[in-house]
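These entries record what I looked up about how the copies of a chain are arranged and how they meet. I took the arrangement before the interfaces.

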Number of protein chains: 4
Amino acid sequence: MGAGDGHKLWIFPDGDLPPAGQPGLPLEGHESLIVLNTGDEDAHIEIDVFFSDSDPVEGLRVKVPARRVRVFRIDKPLGEQAFDIPFGQYSLRLRSNVNIIAQLGRADVRQPNLAYYTVMGFSAD
Amino acid sequence: MGAGDGHKLWIFPDGDLPPAGQPGLPLEGHESLIVLNTGDEDAHIEIDVFFSDSDPVEGLRVKVPARRVRVFRIDKPLGEQAFDIPFGQYSLRLRSNVNIIAQLGRADVRQPNLAYYTVMGFSAD
Amino acid sequence: MGAGDGHKLWIFPDGDLPPAGQPGLPLEGHESLIVLNTGDEDAHIEIDVFFSDSDPVEGLRVKVPARRVRVFRIDKPLGEQAFDIPFGQYSLRLRSNVNIIAQLGRADVRQPNLAYYTVMGFSAD
Amino acid sequence: MGAGDGHKLWIFPDGDLPPAGQPGLPLEGHESLIVLNTGDEDAHIEIDVFFSDSDPVEGLRVKVPARRVRVFRIDKPLGEQAFDIPFGQYSLRLRSNVNIIAQLGRADVRQPNLAYYTVMGFSAD
């Protein structure tokens, strides 16, 4: 196989962390970034985080091993730099050394019932 | 960097403002247009609004500064012209002078629990 | 302007009509096909409906006037032929004489609260 | 017609089977893969399943007859090999001998009310 499927650039305009919700719910409110690497080479990815009123934070490093899918919780410290994304509007840009496929999901539990939100990223090379 | 990521034309066929809902809910019913500008130049965008049975309203002007994401509430006056989009079916077309990435979301609270809806726009140059 | 935005072929693999739900709910369970025509020429569209175990029904005719968006309820008779799509899995293919943009949505109310589902179509020329 | 619409490669990064939920709910928690074949030739598809921490399972065989849509429940044994996808994060890659269009949906009922999630796949040839 060698080269994996997908693109090297992925962008998600609409990130906005929901509250975690009450303890004891079947699912905690959160957002997750899912990255699939179907190739034979590890994916080294830099994540840039954009905001409404301040400069972007660039170059958060994450890795997805060859032939693996990895989930990155956005409500946890992100990347080798362990950056905490603050509450409020943000966007993500992923730049990878190899082809990947990325998707962003939100689970919102600020109510008795779960609401889902998911979107395949905008992709390019 | 210079030129940003994405496309200059973005289209969202399915807009339909939900009711705001009861006061005191954790989230107000609304739709939002999210626009990310990853480039070094401000994005000057014209928004055209299409309807089912009347001519489109064209050229609502909004701006997204360089390296910023901005959220435009559809249930608030839109653009420099402060146009109020009426209830009922509508579509949006964005035309930008520089590359952008756009996404449209709805939060519906006409029930005790939130329902989410999101869609990445159709894009072209 | 002349030619409108989008593509002439749009496909939605996953259609499955939800029940209408109890009378008196704020929203009736249904699916809707939304079609935007940004061009100056009326769009004449043929809709083909695919099923799991029988031949497709082809050539249902609908029209979207120039510079208009139209919503086609899937739980109502569809096209000039007034075809009733039965309950169960179905797919839609739209073929248009001019460029259009199409999106499919579901509102499910078989529970006290609404659940949303939406998807931009797969498009090509 | 002959050749059908779509692409031969489809990828879904974010699979994660929800619990089936209590008996007697109007809808069972599950994920479904929907595949449409608009062409005149049967589609022979190989599905590869990727995981977070183990090697992918490759080559699960499914078939979608000419001019048909088929739904594959992910919470049931998948393909001729009747492979049971375990709970936890997984990704799907479909490789087909002919063009197809694929979509993945989740219905989550781990709460009194249903939550929907759907995504059109990333596609390429």
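**Entry 1: Arrangement of the copies**

I looked up how chain D relates to chain C, and found that a rotation of 90° with 0.0 Å of shift along its axis superposes chain D on chain C, with an RMSD of 0.0 Å. This is the relation of a four-fold axis. I note that the model is a predicted one. I then asked which residue of chain D comes closest to the rotation axis. I found Ala115(D), whose C-alpha is at 3.9 Å.

**Entry 2: Chain D against chain A**

I looked up the contacts next: 31 residues of chain D touch 24 residues of chain A. The two chains bury about 2,400 Å² between them, and carbon and sulfur atoms give 59% of this area. In chain D, the residues that lose the most area to chain A are Pro13(D), Arg110(D) and Phe122(D), together 24% of what that side buries.

Four salt bridges are found between chain D and chain A. One of them joins Asp5(A) to Arg93(D), with the closest N and O atoms 2.7 Å apart. I also noted eight residue pairs in polar contact.

Which strands of chain D each supply at least two residues to the side that touches chain A? I listed S1 (7–16), S3 (43–51), S6 (89–108) and S7 (115–120). The largest share, seven residues, comes from S6(D). By class, this side of chain D has 14 nonpolar, eight polar and nine charged residues.

**Entry 3: Chain D against chain C**

I repeated the search for the other neighbour. Here 24 residues of chain D are in contact with 31 residues of chain C. The buried area is about 2,400 Å², with 60% of it on carbon and sulfur atoms.

Four salt bridges cross the interface of chain D and chain C. Among them is the pair Arg67(D) and Glu58(C), whose closest N and O atoms are 3.6 Å apart. I recorded eight residue pairs in polar contact between chain D and chain C.

On the side of chain D that touches chain C, S1, S2 (30–37), S5 (68–73), S6 and S7 each supply at least two residues. S5(D) gives the most, with four residues. I counted this side by class as 13 nonpolar, seven polar and four charged residues.

Finally, I asked why the copies can be said to meet through different surfaces. Only 17% of the interface residues of chain D are also interface residues in chain C, so the surfaces used are different.

How values were computed. Residues are numbered from 1 along each chain as its sequence is written. Chains are lettered from A and ligands numbered from 1 in the order in which they are written. This is a predicted model: local features need pLDDT of at least 70, side-chain atom pairs count only at pLDDT 80 or more; totals for chains, interfaces and linings use all residues. Side-chain values use heavy atoms; hydrogens and water are left out. Copies are superposed by least squares on the C-alpha atoms of residues with pLDDT of at least 70 in both. Contact means heavy atoms within 4.5 Å. Buried area is the accessible area (1.4 Å probe) that two parts lose on being put together, summed over both. A salt bridge is a side-chain nitrogen of Lys or Arg within 4 Å of a carboxyl oxygen of Asp or Glu. A polar contact is a pair of N or O atoms within 3.5 Å; within protein, one must be able to donate a hydrogen and the other to accept it, and residues adjacent in sequence count only if both atoms are side-chain atoms. Ala, Val, Leu, Ile, Met, Phe, Trp, Tyr, Cys and Pro count as nonpolar, Asp, Glu, Lys and Arg as charged, and the others, Gly among them, as polar.
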